[in-house]
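Hello,

Here is the structure I promised to pass on to you.

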Amino acid sequence: MILCKSCRSEIESDSKVCKYCRSYQRWYRNPQFYSYLFVFPFIFFMFYQTAFFSKKEFIDFSDQFTMETINLVSIKNTSRYIINANVTNKTKYKWHAIHFEVIGRLDDKVIMIKSGEDYDWVIQPDSESMISIPFKNESGEDLEWEVNIKDLSHDRY
Ligand SMILES: [Zn+2]
């Protein structure tokens, strides 16, 4: 004799179903379990679709992004500048937290490189977004400036 897992009544040890409360003594004996067999692959598919198993990396999509300088604003009587740039996202995903690099050149020679990030910056799928990057020209020279995206983050959910 064993005790029913549900009502604690004494039942035959080989009983599949309790004769008092009708509850199944083995979880896999319960016919309701078989309906879950169809639910598990569905849940897996849902997670798969939300890219749970394939986190997107910027490097795999970098050719679908462009970053173009709109203008360079110099702040009077300082060595400070602001680059206003336009970013185009041709992917069908939303990205955020931009890491960028500002490169200053003189006659094609790299004089200054400045890295930075903006965690609040967001770009929607298949759209454009602008960004203002403040930086300081420490070289004392009149340089040619260029901005590049180094990294972007993609939400998994
Ligand atoms: Zn029972």
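Below is what I found in it, going from the whole chain down to single residues.

First, two notes on how to read everything. This is a predicted model, in which local features need pLDDT of at least 70 and side-chain atom pairs count only at pLDDT 80 or more, while totals for chains, interfaces and linings use all residues. Residues are numbered from 1 along each chain as its sequence is written.

**The whole chain**

Helices (H or I, at least four residues) and strands (E, at least two) are DSSP runs, numbered from the N terminus. Along the sequence, the pattern reads β-β-α-β-β-β-β-β-β.

How does the radius of gyration compare with that of a compact globule of 157 residues? The protein chain has 30 Å, whereas such a globule would be near 15 Å. That radius is taken over C-alpha atoms, and the globule rule is 2.2 Å times the number of residues to the power 0.38. Along the principal axes, the C-alpha atoms fill a box of roughly 95 × 25 × 25 Å.

The domain assignment gives domain 1 (2-49) and domain 2 (58-154); such bounds come from an automatic or database domain assignment. Taken over C-alpha atoms, the centres of domain 1 and domain 2 are separated by 58 Å.

Of the 157 residues, 10% count as buried. Here a residue is buried if 20 or more other C-beta atoms lie within 10 Å of its own, exposed if 12 or fewer, and partly exposed in between, with C-beta atoms placed from the backbone.

Two strands pair if DSSP finds at least two bridges between them.

Nine bridges link S3 and strand S4 (residues 80-89) in the antiparallel sense, and leucine 72 stands opposite isoleucine 83 in S4. On to the next pair: S4 and S7 run antiparallel and are joined by 10 bridges. Threonine 88 has glutamate 128 in S7 as its bridge partner. Buried or in the open: where does S7 lie? Of its 10 residues, the number buried is one, so S7 lies largely in the open.

The other open sheet of three strands has the order S6-S5-S8, again with antiparallel pairing. Its edge strands are strand S6 (109-123) and strand S8 (144-154), each pairing on one side only. Strand S5 (residues 95-106) and S6 run antiparallel and are joined by 11 bridges.

**The core**

The largest nonpolar core has 11 residues: Ile83, Ala85, Val87, Trp95, Ile98, Phe100, Val102, Ile123, Ile133, Val147 and Leu152. S4, S5 and S8 each supply at least two of its residues, and the largest share, four residues, comes from S5. A nonpolar core means a set of buried Ala, Val, Leu, Ile, Met, Phe, Trp, Tyr and Cys residues joined through C-beta atoms within 7 Å. In soluble globular proteins, nonpolar side chains tend to be buried together.

Isoleucine 98 is worth a click. Its bridge partner in S6 is aspartate 118. Not counting residues up to four places away in sequence, isoleucine 98 touches Glu117, Asp118, Trp121, Ile131, Ile149 and Leu152. Two residues are in contact if their C-beta atoms, placed from the backbone, lie within 7 Å.

**Loops to look at**

Asparagine 77, in the loop between S3 and S4, has a positive phi of about 60° although it is not a glycine. With 6 C-beta neighbours inside 10 Å, asparagine 77 counts as exposed. Aspartate 126, in the loop between S6 and S7, is also a residue other than glycine with a positive phi, near 50°. Aspartate 126 counts as partly exposed, with 13 C-beta neighbours inside 10 Å.

Finally, serine 6 is in the loop between strand S1 (2-3) and strand S2 (10-11). Leaving aside neighbours within four places in sequence, serine 6 is in contact with Cys18, Cys21 and Ser23.

Best wishes
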